[in-house]
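Dear colleague,

Please find below the structure I am handing over to you, together with its sequence. My notes on what was found in it follow.

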Amino acid sequence: MPQPAAAPSSGRLHFPHRHLTGIEGLQPHEITFLLDEAEGWIELNRRRAEPDKRLAGLTQINAFFENSTRTLLSFEIAGKRLGADVVNMHVGQSSVKKGETLIDTAITLNAMRADVIVIRHQSSGAVRLIADKVDCPVLNAGDGSHEHPTQALLDALTIRRRKGSVAGQRVVICGDILHSRVARSNILALTALAADVRVCAPSTLMPAAIERMFVTPFTDFDAALEGADVVMMLRVQNERMSGGFLPSNREFAARYGLTEERLKRAAPDALVMHPGPMNRGVEITSAVADDKTRSAITEQVETGVAVRMACLDVLTRSARGVEGWA
């Protein structure tokens, strides 16, 4: 039965980072290393083999200061499949609601002697702040409009598995680019892996000077779709908006919604992706989302568990005394 590759004696050279707070700062070979590590977990999870207990005796705290179902569940399943003791901390049950500062929370989490902490927070930069205050590895599960690194990794791995390689793929990311941490992390990861990335959004939802991230911006979705190999749709981040960014969901759907007819502009074998949750009928129609041949949306969920297992494994190798990582 295939197993994830064992860490070589020079393992720390493959991924020298203590935390995973973002894709920014990672080298292409470091991104590829994490993708390679995740590959083995996909096959193992599909075989429903006996759980790997390499994290047995370690405590994983999922500290979610922002509501989440999919990401929290994915990290919880990943930790449990590796044998960790997983504790979920929800903001509604924490002292943060009583006025505790973020630094106080970090100090409290550190005093609990966790072995790895997964953090989701509504403020950009909050995860980095906590990472600087604790003694264990920290994984960013999404911070404000900043980054969502494991989402970008699972998306890159999904593309690689379906297309054979990320390099050279024409990837269109469409939706609320301005407020999306998923878009930012994906741009960083996919351009690092030599994809040709196009971003498409209404002008009000397009970051200024986005070209500096080595992408090509479009406001015309039909033009952006021409010859696309991968189409990644994003939902409108209404919870992060203040002011009139869009006239209506109906108008957004008319100009930027992915329909079967519009998808014909892409390559015949174009892959459709969405990080979820989807607003069916707004950024994507049900017919496209549920297309069993072209849609990789459910595959992204499966790949996400494997990627998070790989990240938890790699970041705790030093503490576990794995050869080459101590």
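Arg-113 is exposed, with a relative accessible area of 63%; here, buried stands for under 20% relative accessible area, exposed for over 50%, and partly exposed for the range in between, with a 1.4 Å probe and protein chains only. The residue sits in the loop between helix H4 (102-111) and strand E3, where helices (H or I, at least four residues) and strands (E, at least two) are DSSP runs numbered from the N terminus. The phi angle of Arg-113 is near 60°, a positive value in a residue other than glycine. Ala-209 also has a positive phi, of about 55°, although it is not a glycine. Ala-209 is found in the loop between strand E6 (196-200) and strand E7 (216-218), and at 35% relative accessibility this residue counts as partly exposed.

Please note that this is a predicted model, in which local features need pLDDT of at least 70 and side-chain atom pairs count only at pLDDT 80 or more, while totals for chains, interfaces and linings use all residues. Residues are numbered from 1 along each chain as its sequence is written, and side-chain values use heavy atoms, with hydrogens and water left out.

One further backbone feature deserves mention. A cis peptide bond joins Gly-276 and Pro-277, with omega at about -10°. Pro-277 lies in the loop between strand E9 (271-273) and helix H11 (286-289).

Domains and cores

The domain assignment of the protein gives domain 1 (10-148 + 303-320) and domain 2 (150-297); such bounds come from an automatic or database domain assignment. The C-alpha centres of domain 1 and domain 2 lie 26 Å apart. In the interface, 33 residues of domain 1 are in contact with 24 residues of domain 2, contact being defined as heavy atoms within 4.5 Å.

The largest nonpolar core has 67 residues, and those with the most contacts inside it are Phe-15, Leu-153, Ile-173, Leu-190 and Val-199. A nonpolar core is a set of buried Ala, Val, Leu, Ile, Met, Phe, Trp, Tyr and Cys residues joined through side-chain atoms within 4.5 Å. Helix H12 (residues 297-315) gives the most to this core, with 9 residues. Because domain 1 and domain 2 both give residues to this core, it lies between them. A second, separate core of 23 residues includes Leu-225, Ala-228, Ala-289 and Ile-297.

The sheet of strands E1 to E4

Four strands form an open sheet in the order E2-E1-E3-E4, with parallel pairing; two strands pair if DSSP finds at least two bridges between them. Strand E2 (85-90) and strand E4 (138-143) stand at the edges, each with a single partner strand, so one side of each is left without a neighbour in the sheet. Neighbouring strands of this sheet are turned by 10° against each other on average, direction ignored; axes are lines fitted to C-alpha atoms, for helices over the stretch in contact, and angles run from 0 to 180 degrees between N-to-C directions. Helix H3 (residues 70-81) packs on the sheet, touching E1, E2, E3 and E4, and the direction of H3 makes about 180° with that of E1.

Strand E1 (residues 59-64) is joined to strand E3 (residues 116-121) by 5 bridges, and Asn-62 stands opposite Val-118 in E3. E1 and E2 pair over 6 bridges in the parallel sense, with Ala-63 opposite Met-89 in E2.

Leu-109, in helix H4, is buried at a relative accessible area of 2%. Leaving aside neighbours within four places in sequence, Leu-109 is in contact with Ile-61, Ala-63, Met-89, Ala-114 and Ile-117.

The sheet of strands E5 to E9

An open sheet of 5 strands has the order E7-E6-E5-E8-E9, with parallel pairing. E7 and E9 stand at the edges, each with a single partner strand, so one side of each lacks a neighbour in the sheet. Here, neighbouring strands are turned by 20° against each other on average, direction ignored. Helix H6 (residues 149-163) lies across strand E5 (170-174), strand E8 (230-233) and E9, running at about 160° to E9.

E6 and E7 pair in the parallel sense over 3 bridges, and Val-199 stands opposite Pro-217 in E7. Leaving aside neighbours within four places in sequence, the contacts of Val-199 include Ile-173, Ile-187, Met-206 and Phe-218.

With kind regards
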